[in-house]
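Keep the structure beside you as you read.

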Amino acid sequence: MEITFIGHAGFCFETEKSIIITDPWLSAFGAFDSAWFQFPQNHDMAAVIQNKFLHSKKNKYIYISHEHKDHFDLDFLMSLQSRDFELIIPNFRRNALYAALKSYDCKKIHCCSDAEVITLSDGSLRLYLDDSELNRDSALLINAGGFTALNMNDCKLYDRLIAILRENGKIDVFTCQFSGATWHPTCYDYSEEQYTTISTKKMMTKFESVARAIHNVSPRVYIPSAGPACFLDPDLFHLNTEPVNIFPFAPKFIEFLKKRLPKIPVCEMMPGDVLDLASCELTTKKSDRVTDENRLTYLTQYAQQYERYFADRKAASLRDIDSVFDRLREQLQLKLKNMQLAKRIQSPLYISFSDDAEKSLKIDFKSDSIEKSTFDGSEDHYQMMAPSWEIARVLDGHLTWEDFSLTFRMKLSRAPDVYQPLVQGFLILEPEDLDAYCNMVLRVESRSERILVETAHGRFAIDRYCPHQGGDLKCAWIEEERYITCPRHRWQFDLLNNGKCLTNNSSVNAMALDEDTPVMASLSVVPRLVRGIQKAFDAALDPADKPRDDEM
Ligand code: FES
């Protein structure tokens, strides 16, 4: 098998009989309203794929992992002249990806459920789905030409890796994201010191969870992929150059891995590089490589290509602010109506225009009301300020609210500084998806299975499933003998404080066990043993210790 790196999460896996392209993101105008651009630049790879598709007689496939625009580049798909290929997409509850592609003219469209297999002439493909409303993503397992590759891109199925390996055996090549991609702490109103502290922690815990995933997979080679993007808009360019943030470049992670997993080979690929899996050698190696030394010059020149584009956009971005404001209020009213758990949100949310201080809305979840109101900073709150023209892009249907959150063109603040999943859901989900999201929250809350954890401080019974999005804590790890860390998004729970979450007020309801309680097992416990003790634990749990609804 030969693997050509297309850039970002894009690869071309090629065997004697098959060509499988993953997540080709090649648009010249990046993604998320041109907030993100491919790093390193890969636009020339569009012609490479076009040629391959035009001239190769092999069976051809394109896989799109999820709807984020740095993975789903509709403009590129529409530009393909030869449609002699099969398209593979995940079948999510929210079917926006399928809806956008169902009339796409190609050989066949496979809309796959979790663990569904597609047979190739020389092997198979299998999709694994993470469909948890706030996150929607998939991973692809390729078994072809005698090799196996697991392309996890930015899918967070860390807690399923052991089962995936058990099902499929040895993985030759593993690729997944090592950098972050959220508006926290990127857009939050933090001091420089707070920003650095939070960013460092997020970066290091992400490094650690990816290292654990690599360790579990133990591939012949790991390829860093799926980020970070770069930021060429003059208003965002600083994100490329901050000393610490959640967008570390590959060399930093590779340095970390050298110490953490010295025996696992890592291959940093530039777009156009070709890796031969039999020898694990790069058979084509691009001469113009981006390194720590030349990166700033490279990015500066890259940004210069778009100076005129961003200047023109700025000039054209003036809008009828009054009408955008009215439409925003209507959209928020619809969101509020669809949010069955809204009353759990204690503090008001303010959404304000950064280009007109008069335009500010207060969403009071408790009283189910939305009023024009300027934030005076005197109460517990959540606040988002964004330019009216970017909000108009959402209201006009060019961006989803989630796309909008990834433009990083907003400022957020909150007091207290505590993550509230329901506010996050309200902000980044479409009105029609809020009901399904609330149902997912209720589903996670209703799961009652318990597991046993052993540390130097003793043994504890905890909830098996993470209150965030249901990550399986049987695959968690323990830090400092007291913090259970969920492998999916790395929330931590303090065993010595009743299992309380360090991120917010949720909990895994840790209960210390008496010394004379028989040792059943540790975190790697088999479920059969856990179930055996579950009833006793639940009976012993004082109802007063159970979290109140508003803490979840
Ligand atoms: S599922 Fe997100 S941190 Fe556990």
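**A tour from the inside out**

Let's start at Ala226, which is buried, with a relative accessible area of 2%; buried means under 20% relative accessible area, exposed over 50%, and partly exposed in between (1.4 Å probe, protein chains only). Before going on, know that this is a predicted model, where local features need pLDDT of at least 70, side-chain atom pairs count only at pLDDT 80 or more, and totals for chains, interfaces and linings use all residues. Residues are numbered from 1 along each chain as its sequence is written, and side-chain values use heavy atoms, with hydrogens and water left out.

Ala226 sits in the loop between strand 12 (221–224) and helix 6 (250–260). Helices (H or I, at least four residues) and strands (E, at least two) are DSSP runs, numbered from the N terminus. What is the phi of Ala226 near? It is near 65°, a positive value in a residue other than glycine. Most residues other than glycine have a negative phi, and most peptide bonds are trans. Asn509 also has a positive phi, of about 55°, although it is not a glycine. You'll find Asn509 in the loop between strand 25 (500–501) and strand 26 (511–512), and at 8% relative accessibility it counts as buried.

Now for the cis peptide bonds. One runs from Phe39 to Pro40, with omega near -10°, and Pro40 belongs to the loop between strand 3 (18–22) and helix 1 (45–55). Another links His184 to Pro185, with omega near 0°; Pro185 is in the loop between strand 11 (173–176) and helix 5.

A cavity is a set of points, on a 1 Å grid over the protein atoms alone, where a 1.4 Å probe fits but cannot get out; a pocket is an open set with protein on both sides within 12 Å along at least five of seven lines, and lining residues have an atom within 4 Å of a point. Grid points are joined across faces, edges and corners, and a volume is the space filled by probe spheres set on the points.

Phe39 and Pro40 are among the residues nearest the centre of the largest cavity, which has 19 lining residues. That cavity holds about 210 Å³ of space, and the structure has six cavities of 30 Å³ or more.

His184, meanwhile, is one of the residues nearest the centre of the largest pocket, along with Thr182, Lys202, His489 and Arg490. The pocket's volume is about 1,300 Å³, and 49 residues line it. Helix 5 gives the largest share of that lining, seven residues. Helix 12 (421–428) is among the elements that each supply at least two.

Helix 12 is mostly covered, with eight of its eight residues buried. One of them is Leu427, which is also among the residues with the most contacts inside the largest nonpolar core, a group of 77 residues. Such a core is a set of buried Ala, Val, Leu, Ile, Met, Phe, Trp, Tyr and Cys residues joined through side-chain atoms within 4.5 Å. Apart from it lies another core, of 30 residues, including Leu161 and Val210.
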